Amino acid sequence: MPFARLATATTPTCHIGLGLAAVGRPGYINLDRDTDLGGDRSVEALRTRTHDLLDAAYAQGVRYFDAARSYGRSEEFLADWLSGRPDADDVVIGSKWGYTYTADWSTEAELHEVKEHSLAAYERQRAESDALLGDRLDLYQIHSVTPDSPALTDKDLHARLAEAAAQGLTVGFSTSGPAQADAVRAALAVTVEGEPLFRTVQSTYNALETSAEPALAEAHDAGLTVIVKEGMANGRLAAAHAPDALRAVAAETGVDCDAVALALVLRRPWAGVVLSGAATVVQLASNLRAAAVDLDDDQLSRLAALPEDPHAYWERRGQLPWH
């Protein structure tokens with residue numbers, strides 16, 4: 001399993017990965033995006049930005065990179081970087097299928113992505129991912145599984161995914177929405193010929209949304225690698241928007257709010273990889289300081305008061321505009 005490569009890493013940042021959702025396309029729902037990206041969001045500008053982030057991340061010990069078919073040109077940008085960095089042969093590459101990018105490089109599109117968890121969608125998008133990443137693709141995840149997803153019950157799809165796993169590809173899934181815990185548990189029950197199908201799970205977990213924690217602990221105990229996404233709650237935990245308790249703890253520890261927010265997630269014993277969604281090299285450097293943050297019991301107690309009702313959290317997330 002490719003994540004075994006991360007288990008042997010000794011850098012402080014080996015449990016932090018870089019997600020490319022914010023830089024693979026011009027529009028996304030993160031807060032303060034205009035400040036982060038500036039006015040030039042051309043393909044070449046974001047390609048350069050992505051490569052700069054990948055260079056900085058690799059230099060600072062990050063070894064997991066996460067893309068998706070729906071993240072605009074993220075796979076293309078990542079493939080370009082890999083071809084130019086033959087020395088980066090120790091990285092683990094993950095991507096996702098199940099959403100199709102439909103915005104045509106516009107921030108004003110009426111619809112930015114379309115979800116489809118069918119066997120046909122898998123076959124089409126797998127071919128697209130393979131054309132770009134080839135044998136560098138280590139992990140392929142079903143994108144944003146919910147309890148009602150047909151991907152949980154489609155036996156033909158399960159069989160094809162099991163074939164891919166038998167050929168060496170790690171098969172996983174990601175979750176979204178207020179019922180993440182239900183989706184995780186349903187996916188854990190999926191088997192092919194008596195063997196569990198999925199080897200990784202990627203879920204949203206942060207200081208404001210902790211509802212999936214029991215299920216993620218169960219997944220970890222079942223042997224899955226747990227990848228945490230949206231540790232910054234799409235920018236709601238950055239300094240400009242952070243709750244007072246997070247600001248106070250950041251001041252006490254001498255780091256920015258983002259480092260504290262990610263440190264809180266890194267402390268979870270079930271968290272195998274925690275993603276940075278940085279859009280700038282400066283943000284990335286700040287995110288990576290999370291590996292050195294030590295939170296005491298009093299600080300943890302104050303931060304433990306931050307979680308919101310999951311339905312309220314996801315309703316607010318759903319209202320974030322595509323900038």
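I began with the fold around β3: strand β2 (residues 64-66), helix α4 (residues 74-84) and β3 make a right-handed β-α-β unit. Right-handed here means that, with the strands pointing away from the viewer, the path from the first strand over the helix to the second runs clockwise. Helices (H or I, at least four residues) and strands (E, at least two) are DSSP runs, numbered from the N terminus.

A note on what I am reading: this is a predicted model, where local features need pLDDT of at least 70, side-chain atom pairs count only at pLDDT 80 or more, and totals for chains, interfaces and linings use all residues. Residues are numbered from 1 along each chain as its sequence is written, and side-chain values use heavy atoms, with hydrogens and water left out.

**Pairing of β3**

I looked up the neighbours next. β2 and β3 pair in the parallel sense over three bridges; two strands pair if DSSP finds at least two bridges between them. I found I93 of β3 as the bridge partner of F65. Strand β6 (residues 139-145) also runs parallel to β3, joined by four bridges, and there S95 stands opposite Y140.

**Burial of β3**

Is β3 buried or exposed? Six of the six residues of β3 (residues 92-97) are buried, so the strand is largely enclosed by the rest of the structure. Buried means under 20% relative accessible area, exposed over 50%, partly exposed in between (1.4 Å probe, protein chains only). I checked the directions too: V92, G94 and K96 point one way, while I93, S95 and W97 point the other. In a regular strand the side chains alternate between the two faces of the sheet.

**Two helices**

I then turned to α5 (residues 119-133) and α6 (residues 155-166), which pack at an angle of about 30° with their axes 9 Å apart. Axes are lines fitted to C-alpha atoms, for helices over the stretch in contact, and angles run from 0 to 180 degrees between N-to-C directions. With contact meaning heavy atoms within 4.5 Å, L119, Y122, E123 and R126 in α5 meet D156, L157, R160, L161 and A164 in α6.

**A loop and some cysteines**

In the loop between β4 (99-101) and β5 (113-115) I stopped at D104, whose phi is near 55°, a positive value in a residue other than glycine. D104 is exposed at 69% relative accessible area. W105 lies in that loop between β4 and β5, has phi near 60° and is partly exposed at 21%.

Last, I counted zero disulfides, taking a pair of cysteine sulfur atoms within 2.5 Å as one. C14 is buried at 8%, and C257 is buried at 6%.
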